[in-house]
Amino acid sequence: MSSALRKPMGRAEFLVWAERQEGRYEYDGFGPVAMTGATYSHELISTNIVIALGPKLRGKPCRILGNNSLIETPGKLRNPDALIVCARIDPDARIMPDPVVVFEVLSPSTSSIDRIAKLVAAGRIEIVGGAFY
């Protein structure tokens, strides 16, 4: 559906709406954007990032989270493949504050969005460690 035909949805409204959905969605500042299903290769890479870094962070104040967490960029809510956070987080939080590293696995169908739009958005939030693509 084109954005010209979509009814605008606020951020708070999106969060309530997204909790009732089975799929994963990002918020583009106007409304929900469905996340496509990952390929086996994409999922394997994302999982390996979490598996590799989880033990290295054990006992430290930082945690690695998988692809069910949202981060806030100016006017948008993004759903990276993995992220590391060091801040104290409310157990019921849906949006992870202050990510120090964001991981985005490139896919041929979404690489231009992942490399350009998300990188620009990530550059507008303070990421201490970096963004890996």
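Glutamate 72 and arginine 11 form a salt bridge in this predicted model, with their closest N and O atoms 3.1 Å apart; the term stands for a side-chain nitrogen of Lys or Arg within 4 Å of a carboxyl oxygen of Asp or Glu. The two partners come from distant parts of the chain, since glutamate 72 sits in strand S4 (residues 71–73) and arginine 11 in helix H1, 61 residues apart. Helices (H or I, at least four residues) and strands (E, at least two) are DSSP runs numbered from the N terminus. Glutamate 72 is partly exposed, with a relative accessible area of 39%, and arginine 11 is also partly exposed, at 35%. Here buried means under 20% relative accessible area, exposed over 50%, and partly exposed in between (1.4 Å probe, protein chains only).

In total, 3 salt bridges are counted by this rule. Another of them joins arginine 94 to glutamate 19, the closest N and O atoms being 3.6 Å apart. Arginine 94 is partly exposed, with a relative accessible area of 33%, whereas glutamate 19 is exposed, with 55%. Arginine 78 pairs with glutamate 26, and their closest N and O atoms are 3.1 Å apart. Arginine 78 is in strand S5 (residues 76–78) and glutamate 26 in strand S1, so this bridge ties together parts that are 52 residues apart in sequence. Both arginine 78 and glutamate 26 are buried.

Aromatic rings come next. Rings of Phe, Tyr and Trp (its six-membered ring) pair if their centres lie within 6.5 Å; planes under 30 degrees apart count as stacked, over 60 as edge-to-face and the rest as tilted. The count by this rule is 3 aromatic pairs. Phenylalanine 14 and tryptophan 17 have ring centres 6.2 Å apart and planes at 35 degrees, so they make a tilted pair. Both lie in helix H1 (residues 11–19), 3 residues apart, or about one turn of the helix. For phenylalanine 14 and tyrosine 27, the centres are 5.2 Å apart and the planes at 35 degrees, so this pair is tilted too. It links distant parts of the chain, with phenylalanine 14 in helix H1 and tyrosine 27 in strand S1 (residues 25–27), 13 residues apart. Phenylalanine 14 is buried, with a relative accessible area of 0%, and tyrosine 27 is buried at 6%. Ring pairs link Phe14, Trp17, Tyr25 and Tyr27 into a cluster.

The largest nonpolar core has 10 residues, among them Ile49, Ile64, Ala82, Phe103 and Val105. Such a core is a set of buried Ala, Val, Leu, Ile, Met, Phe, Trp, Tyr and Cys residues joined through side-chain atoms within 4.5 Å. Helix H2 (40–57), strand S6 (82–85) and strand S7 (99–103) each supply at least two residues of this core, and S7 gives the most, with 3. A second, separate core of 9 residues includes Ala18, Tyr27, Leu77 and Ile95.

Confidence is given as pLDDT, the predictor's score for each residue, from 0 to 100. The mean for the protein is 81, and 76% of its residues reach 70 or more. Residues are numbered from 1 along each chain as its sequence is written. In this predicted model, local features need pLDDT of at least 70 and side-chain atom pairs count only at pLDDT 80 or more, while totals for chains, interfaces and linings use all residues; side-chain values use heavy atoms, with hydrogens and water left out.
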